Every structure is written in structure tokens, then in C-alpha cells.
Amino acid sequence: MGSLDGKVVIVTGSAKGMGAAEARDAANQGAQVIVTDILDELGEEIATEINATYRTLDVTSEKNWEILVSSVVEEYGRIDGVVNNAGIYSSQGIFNSSVESFQRIIEVNQLGTYLGMAAIAPIMANQKSGSIVNISSVAGMRGQVNIAYMASKWAIRGMTKSVAKTLASSGVRCNSVHPGAVNTDILFSLEEETLNHLISSVPMGRSGEPSEVAKVVTFLLSDAASYISGAEIVVDGGMIA
Ligand SMILES: NC(=O)c1ccc[n+]([C@@H]2O[C@H](COP(=O)([O-])OP(=O)(O)OC[C@H]3O[C@@H](n4cnc5c(N)ncnc54)[C@H](O)[C@@H]3O)[C@@H](O)[C@H]2O)c1
């Protein structure tokens, strides 16, 4: 028996990286997973591998969310979990960021998470059950140079608490997960010096595996987390302890 048996779970940005690991772990635990991304070919591959369904979803498009949610409800009759995982990274700080890049980070990371919650909250509130998991970062827990990325991740942490409070009486939970340095393309895109510096700041002395974050996400999606809402769970090998 799996901890997500019978649950219908949407994972955004799950064609690769942490999202793919989250989708895989949820499927292993018995969930009917809907893999979503803008990378259709990779997304289809993951979905086939884990016996899930793939749907195109640009998280910044309200229309895309509307279409996704109505098609999932039509096909499965309910939505038990959503993982707002899709995200993009920029290392730009106050001296070298541009309005365009600032807005793009906010659009994908913050607005994308907001649109996901706004699309799914009415369904879950109506069902009187559901679990929303928002992927923030350690960047949402402390000060960092990367100003837009950090702002978007603090915003996710804040919006999570707003939705947790609003939906608590409807039996819907909402939590944020804050990964540290995790082995995905975002981490590998860092310059070698930055990467080495980052890893050396981890008390466990290593970066994390996507599967180590996925297990926490699965826990929050499951009924084992029935009394946890509005929480922020840091998964960072002790980095910000
Ligand atoms: N890797 C890390 O060290 C780390 C640390 C903390 C937080 N995070 C967060 O984890 C999440 C997953 O990132 P990752 O590390 O797996 O990176 P990744 O680049 O491997 O995956 C990100 C996924 O999001 C998708 N995506 C991007 N824009 C999208 C959009 N507009 N609509 C839908 N999908 C879109 C990409 O296609 C990709 O599949 C992100 O929110 C990221 O900020 C990553």
C-alpha cells in the first residue's frame, strides 16, 4: 500500500529535475500523477516511465491552468494534490539585474504559483480536502544576492501562509518546501567557484538528490501530514541551520 493510493496529483515543471523526482515518488506511492511542463517531449517520456499522464502547462498562463484543471476534473473527478514546482533561476543582483529579467523570474516563480493555487483552491475547497505544496528555496528563508529569485521565493513562502489560513477550515492544507543545493540543471548552471562555495556551506558536506526533496513533498501530500498547514520545511543538509 502506498501513502498516496487513490490520490490525483498535479506536479508542475515535472519534465526534469526535482519535479520529475516528485512526480516519480508520488507515482511510486500510488498517486495518479499528471506530469506538466512546457518541455513536451521530456514530459511525455517521464509520464510514460512512471505510468502517468502528461499535459502541457505554462504556469504563467491563466488560460493554460483553466484548461488543465477542467480536463483533470473531467477525467478523474477530483484533484487531491498540486505541487507548484516549476521555476527558473537567475543569479542577478541589484547591480546587474534588468527590469525584464526581474519580471520574468517573478512571472514564472511567483505568479505561476499564485495562478496554480487560484485555479485549484475552489476545487479543493469544494471537495473539502486537498494538499498544496509550493516549492520555495532556502532563498526564501534568508538574504541572498540574487534579488529577483530571492524575492520570488520569499513571496511563495508568504502566499503559502495566506492560502493555508484561508483554506484551513475547508480541510485543505498548504505548505512550502525550501530546498538548499540540489543536483539539478539549476545547480549545475552555477559557475564552478560559486558551486564549490555553496557546497562548502552545507554542514552535511554535499548537495542533495532530487529524490530527497521528493520524499518530503510526498509526505506533505499524504494524509500522514494531516495536521500540518502553513509550515515551511527546509531540506538543505543543515545549510541555514
Ligand atoms: N536545484 C536547486 O538547487 C534548487 C534549490 C532550491 C529551490 N529550487 C527550486 O526547485 C524547483 C525545480 O527546479 P529544478 O532545480 O528541478 O530545476 P530544473 O530547471 O531542472 O526544472 C525546472 C522545470 O520547470 C520548468 N519550467 C520553467 N518555466 C516554466 C513555465 N513557465 N511553465 C511550466 N514549467 C516551467 C522547466 O521546463 C523545468 O522542467 C524550482 O522552483 C527551483 O527554483 C531548486
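Figure 1. An oxygen atom of the ligand lies 2.8 Å from a polar backbone atom of N85. The protein covers 94% of the 820 Å² of accessible area that the ligand has on its own. Accessible areas come from the Shrake-Rupley method with a 1.4 Å probe, and for residues only the protein chains shown count as cover. A ligand oxygen is also 2.6 Å from an N or O atom in the side chain of D37. A ligand nitrogen sits 3.0 Å from a polar backbone atom of V59. In total, 27 residues surround the ligand, and the closest are M18, D37, N85, Y149 and T184. A residue is near a molecule if one of its heavy atoms lies within 4 Å of it. This is a predicted model: local features need pLDDT of at least 70, side-chain atom pairs count only at pLDDT 80 or more, and totals for chains, interfaces and linings use all residues. Residues are numbered from 1 along each chain as its sequence is written, and side-chain values use heavy atoms, with hydrogens and water left out.

Figure 2. Strand β6 spans residues 172-179, and eight of its eight residues are buried. Buried means under 20% relative accessible area, exposed over 50%, and partly exposed in between (1.4 Å probe, protein chains only). One side carries V172, C174, S176 and H178, the other R173, N175, V177 and P179. Both faces are covered. Six bridges join β6 to strand β5 (residues 130-135), and the two run parallel. I135 has V177 as its bridge partner in β6. Strands pair if DSSP finds at least two bridges between them. Helices (H or I, at least four residues) and strands (E, at least two) are DSSP runs, numbered from the N terminus.

**Figure 3. Salt bridges between separate elements.** A search of the whole structure finds eleven salt bridges. Each is a side-chain nitrogen of Lys or Arg within 4 Å of a carboxyl oxygen of Asp or Glu. K16 and D185 meet through their side chains (2.9 Å, N to O). This pair links distant parts of the chain: K16 is in the loop between β1 (8-11) and α1 (17-28), D185 in helix α6 (residues 185-188), 169 residues apart. K16 is partly exposed at 36% relative accessible area, and D185 is partly exposed at 47%. K215 forms a salt bridge with D25, with the closest N and O atoms 3.1 Å apart. K215 lies in helix α8 and D25 in helix α1, so the pair ties together parts 190 residues apart in sequence. K215 is exposed at 52%, whereas D25 is buried at 12%.

Figure 4. E75 forms a salt bridge with R55, the closest N and O atoms being 2.7 Å apart. E75 lies in helix α3 (residues 62-76) and R55 in strand β3, so the pair ties together parts 20 residues apart in sequence. E75 counts as partly exposed, at 46% relative accessibility. Elsewhere, salt bridges that share partners join R157, K161 and E232 into one network.

**Figure 5. Loop residues S207 and N51.** S207 is in the loop between α7 (192-200) and α8 (210-221). At 15% relative accessibility, S207 counts as buried. N51 occupies the loop between α2 and β3 (53-56) and counts as exposed, at 69% relative accessibility. N51 and Q32 are 19 residues apart in sequence and 8.3 Å apart in space, C-alpha to C-alpha.

Note on methods
Polar contact = N/O pair within 3.5 Å; in protein donor to acceptor, adjacent residues only side chain to side chain.
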